[in-house]
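Hello,

Here is the structure I promised to pass on. Please open it first, then read my notes below.

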Amino acid sequence: MERKLLLVSSLHLLLLSLFTAYSNGSKVGICYGRNADDLPTPDKVAQLVQLHSIKYVRIYDSNIQVIKAFANTGVELMVGVPNSDLLPFSQYQSNVDTWLRNSILPYYPATMITYITVGAEITESPGNVSSLVVPAMVNVHTALKKVGLHKRIKVSSTHSLRILSRSFPPSAGAFDSKYAFFLKPMLEFLVENQSPFMVDLYPYYAYRDSPSKVSLDYALFSSSASDVIDPNTGLVYTNMFDAQLDSIFFALMALNFRTLKIMVTESGWPSKGAAKETAATPDNAQTYNTNLIRHVINDAGTPAKPGEEIDVYIFSLFNENRKPGLESERNWGLFYPDQTSVYSLDWTGRGNVDIVTGANITSSNGTWCVASNNASDADLKNALNWACGPGNVDCSAIQPSQPCYQPDTLASHASFAFNSFYQQNGATDVACDFGGTGVKTTKDPSYDACIYATASKLGTGNSSSAASTSTSSAEGGASSWLMQTLPFKLSLLLISISIAL
């Protein structure tokens, strides 16, 4: 029996590695914070993440319900060890072994946990935990090594930009000397174990705190921003994000850690703020995050490391009403707790953004969203239930005796619901994904008295043709479908193997 289970587990790990290898290039993920009292349940959050084809999620603890919710979804999870746990984690290896045995191993690899962050922005923590972080990281790595997962699950810790004493010009980037006591052994640990240096970058704060020195266009990746030239290197910077990222690179290079990969574990822009936070608007948030995604997806790299792959996690999934501080702290989310979008966001990196208004100008003039002929009934049903439920689509027209009830088929009902959601959410590619079950069409699906909505009928006023993207959208839909369903197919294969054994 043990041999059979070991074989199944080994096959699962092999297939998991093949699935992971399928994905390459820079990655864009999302931070799933839960400092709120009105959020949807973890299983609904997992459905929302899948609906938008988000493949990478960061959580800040090891909540079992959250970890379980992402099982068999194909979503890679970054799990956190909170600062409050650093003391017990650093003191005794047995504490970490027990945590790993109870909180991680029972759910792996069904839940694809790829990173464990030990501590978060420890230099910003009110408690003196900096001396605890490296011992805790070592113990977590040791626990993983005992069970043979130290090469599959990487261990690191996240930092704020204030770990630097200088960040401008980028070439003068330098770590604050008061952190040297833990920083050097941490960097050595990261290199030895091929883990990334993790940093949270926020051009928003740079602009908010120094609007006379940093232009809004420069912070938002706007093409109309004035270039900034590093006087030491002659490198030209067109946006604040690259400048901040390169300041970390030069700081690492100054300590002879130039080969260490840098991962951005938080970046984003708030959609609402206090009176003095005038830049915290939905338009600016949409512009920053859309431009950031495009910058990352295109593998543009930075002036100091052109073409370098950059993995970025956008902060955050939801607005969090319990966060302290200024109004902006509670309004970083892409979604409201009811799962409706705060603003439209193109996760593909292909949509156009108006650099003046920040509005996503991909519109539905001449395009609709319908159910894919290749989608299974089960996937269509799940997507339809989501659209008519958490997606807040008015599905009354597909109820009995209503104009869009006939033909009474799953595909017809799903098409109506998909299109309504698509038009209500900016008519972007991602708004028609539905886990690969939705496709865009230039043929009006309306029939008889059943009228399919368009952006103009919803009063959006957007008017640029998206027809030219239909081919790439279809290709993206096929890729999304494959990546979305592959984990489930692998699981079914494993079940078949286990039964055969």
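Counting bonded cysteines along the chain, the disulfides of the protein chain pair up as 1-5, 2-3, 4-6. Keep in mind that this is a predicted model. Three disulfides turn up in a search of the whole structure. A disulfide is a covalent bond between the sulfur atoms of two cysteines.

Take Cys369 and Cys432. Their sulfur atoms sit 2.1 Å apart. The link is right-handed, with 90 degrees about the S-S bond. This pair connects distant parts of the chain, 63 residues apart. Cys369 belongs to strand 13, while Cys432 is in the loop between helix 13 and strand 14 (438–441). Both Cys369 and Cys432 are buried.

Next come Cys388 and Cys395. The S to S distance in this disulfide is 2.0 Å. The link of Cys388 and Cys395 is left-handed, at -90 degrees about the S-S bond. Are these two cysteines buried or exposed? Cys388 is partly exposed, because its relative accessible area is 31%. Cys395 counts as buried, because its relative accessibility is 9%, and buried means under 20%.

That leaves Cys404 and Cys450. Here the S to S distance is 1.9 Å. The link of Cys404 and Cys450 is right-handed, with 105 degrees about the S-S bond. Cys404 is buried, with a relative accessible area of 3%. Cys450 is buried as well, at 1% relative accessibility.

Now to helix 12. This helix runs over residues 377–388, twelve residues in all. From first C-alpha to last it reaches 16 Å, close to the 16 Å expected at 1.5 Å a residue. Which residues of helix 12 are buried? They are Leu380, Ala383, Leu384, Trp386 and Ala387. These residues lie on the same side of helix 12, because they cover an arc of only 165 degrees around the axis. An α-helix has 3.6 residues a turn, so residues three or four places apart point the same way. The face turned away from the buried side of helix 12 carries the exposed residues Asp377 and Asn382.

What covers the buried residues of helix 12? The cover includes helix 2 (42–51), strand 13 (368–371) and helix 13 (410–424). Strand 13 is also where Cys369 sits.

Best wishes

How values were computed
Residues are numbered from 1 along each chain as its sequence is written. This is a predicted model: local features need pLDDT of at least 70, side-chain atom pairs count only at pLDDT 80 or more; totals for chains, interfaces and linings use all residues. Side-chain values use heavy atoms; hydrogens and water are left out. Helices (H or I, at least four residues) and strands (E, at least two) are DSSP runs, numbered from the N terminus. The expected span of a helix is 1.5 Å times one less than its number of residues. Buried means under 20% relative accessible area, exposed over 50%, partly exposed in between (1.4 Å probe, protein chains only). The arc is that of the directions from the helix axis to the C-beta atoms. Contact means heavy atoms within 4.5 Å. A disulfide is a pair of cysteine sulfur atoms within 2.5 Å.
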